[in-house]
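Hello,

Here is the structure I promised to pass on to you. Please open it beside this message, and my notes follow below.

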There are 2 protein chains.
Amino acid sequence: MKKLGAQTMIFASPPSFLGHANVVGKKEGEGPLADSFDERSQDDTFGEATWEKSESAMQKRALTLALNKAGLAPSGLDFLFAGDLLNQCIGSAFAAREQGVPYFGLYGACSTMGEGLVLASMALDGGFGERAGVVVSSHFCSAERQYRTPLEYGGQRTPTAQWTVTGAGAAVLGAAGEGPFVTHATVGKIVDRGIRDTNNMGAAMAPAAADTILTHLRDTGRNPGFYDLIVTGDLGALGSDLLLELLQRDGIELANHADCGKLIFDPQAQDVHSGGSGCGCCASVLTGYLLNGMREGKWSNLLFCPTGALHSPVSAFQGESIPGICHAVAIAVRK
Amino acid sequence: MKKLGAQTMIFASPPSFLGHANVVGKKEGEGPLADSFDERSQDDTFGEATWEKSESAMQKRALTLALNKAGLAPSGLDFLFAGDLLNQCIGSAFAAREQGVPYFGLYGACSTMGEGLVLASMALDGGFGERAGVVVSSHFCSAERQYRTPLEYGGQRTPTAQWTVTGAGAAVLGAAGEGPFVTHATVGKIVDRGIRDTNNMGAAMAPAAADTILTHLRDTGRNPGFYDLIVTGDLGALGSDLLLELLQRDGIELANHADCGKLIFDPQAQDVHSGGSGCGCCASVLTGYLLNGMREGKWSNLLFCPTGALHSPVSAFQGESIPGICHAVAIAVRK
């Protein structure tokens, strides 16, 4: 059986992480997870003349590091799944254009790492290849000017706002390997509860996270306690509280919840208000802190649940609410 | 064997088109393929207050029509693969948000219909579901103001420019069915030959089309003549000439080439310069003219090769060249 319920897949031959790596910016490298990052840049330009090119360079570097750890050249990949937050996903296209790897461009907003892991796992478990790469990125400076205001404007931020992580995370999955393994995936539906405040994305995404986590638990018949950690992508402080409240209404107490947006910055020392966000947030936390922790024996079973807000500045200006999505990926040290 | 060469998959249980449909705008409905479209709108606003909402409404309508033809409700889909050209792919997210279907957002520029068909076929042939939807769209008015100039500006167009199709195409694929069938897929690599003229996307994409078609023929051991038609997405008139020239250099004469960008408009009567473009171009031609023609016995084997330009206005302003991509999907009346 490859399907549990309507939304959850169980992988007959769980794909294995062969390599994973990340590159982050200066602020992220000064946060609580500093030691878990492969590269902490002191220069967020990454030597490039524009922020978009900086993001692309950072994403390319993360993939190279993950490939190195897996002992592979780009030609060792059957597929590359990539995405970012930039208009037309140029961060990814320009990072991938010299790699010569069959390419799938994804747009799942900050959930893209989850979307990529799900599709890569389907490709490998489906027997279509031996190795697949997943890489995503976000950059505070390219995001800020695209989504909000020019950096030079120095606008105030509301307490519910989140800080886009400058970071890229890459994973190389293999059909065979020593683990950790991707054992299950629950593909999310779009959930929109009418939140219109683009400075409160945690609230916009929490209902999608609740929906996907509940569906995953129902489909698999697992209790939340099966997992050592249930880790959402970037709900931040407020969104995390809302998630717990929504789940409580359904009789679920999450005692083992963590959120990458809360983990990556120090709320006291780093002034990021509600926490981190961006594709690179959960991707850099997964490919460092979380997977390293699994390898070190800290955790045996994780449910990785990246969240995304599928809106745009144009949809917001036109008065639209913010559609949210969340995919859940079960990762286990043993098959 | 599920893989031929490095880039081509052969589907052991070829997914079948269960339903396919399209909705186009006024200009497209006045073109040579008028009779092949399911709905030709006389009002490109589709009753909405903004062009982005119009595009979303059109995309949603196309999916509904395809589901109707397949005799399915949205809940009959295991997955929905969707994409468009708008920043953050809002055309698709807002079209899908009330459908309640597990959702994968894609960004492959004008190649997205191909990317979606490939991923949907992998999902079904891999055994992860019974039915998958693919839907993409483009709208002249939302694209023009996002990529070029406000409509009211009335800018002149260069002879190599293409006209973004107002159209959406949707397909419902099933693990079982009567065909036509998706038998093979060649996933494209990004190819960038340094073209910087954003008014000449045919030239930017032709090298990617040549690369993918050559790879497909090599991987499958097929001659071009195996196919009744080899149909590129939206190379337009100039890009099509360049494709044929590039293939000739490799000793391949394509006597059976067609291009959706050339097919959809009348070059004399409709003043579109080099032809049509946009995700909706090849999607509406595939889901009408091409698949209907296969059902009528006109063609038995098609190679559908959507092309995409993975750039953005920002990358162009920053002096970057235009990365191209092309996926090839082999469609056969019989398995």
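This is a predicted model: local features need pLDDT of at least 70, side-chain atom pairs count only at pLDDT 80 or more; totals for chains, interfaces and linings use all residues.

Before the strands come up, a definition: two strands pair if DSSP finds at least two bridges between them. Helices (H or I, at least four residues) and strands (E, at least two) are DSSP runs, numbered from the N terminus.

Residues are numbered from 1 along each chain as its sequence is written, and chains are lettered from A and ligands numbered from 1 in the order in which they are written.

Let's start with strand β5 of chain B. β5(B) and β6(B) are parallel partners over three bridges, with Ala82(B) opposite Gly105(B) in β6(B). On β7 (residues 131-138) of chain B, β5(B) has another parallel partner, joined by six bridges; here Gly83(B) faces Val136(B). Together, β5(B), α3(B) and β6(B) form a right-handed β-α-β unit (with the strands pointing away from the viewer, the path from the first strand over the helix to the second runs clockwise).

Six of the six residues of β5(B) (residues 79-84) are buried, so the strand is largely enclosed by the rest of the structure. Buried means that 20 or more other C-beta atoms, placed from the backbone, lie within 10 Å of the residue's own. Phe79(B), Phe81(B) and Gly83(B) point one way, and Leu80(B), Ala82(B) and Asp84(B) the other. In a regular strand the side chains alternate between the two faces of the sheet.

Now for how the chains meet.

The contact involves 48 residues from chain B and 49 residues from chain A, where contact means C-beta atoms, placed from the backbone, within 7 Å. On the side of chain B that touches chain A, α4(B) gives the largest share, five residues. Since 100% of the interface residues of chain B are also interface residues in chain A, the copies meet through the same surface.

Finally, in chain A, helix α7(A) has buried residues including Leu238(A), Leu242(A) and Leu247(A). Gly251(A), which follows α7(A), has a positive phi, near 80°.

Enjoy exploring!

Notes: Two residues are in contact if their C-beta atoms, placed from the backbone, lie within 7 Å. A residue is buried if 20 or more other C-beta atoms lie within 10 Å of its own, exposed if 12 or fewer, and partly exposed in between; C-beta atoms are placed from the backbone.
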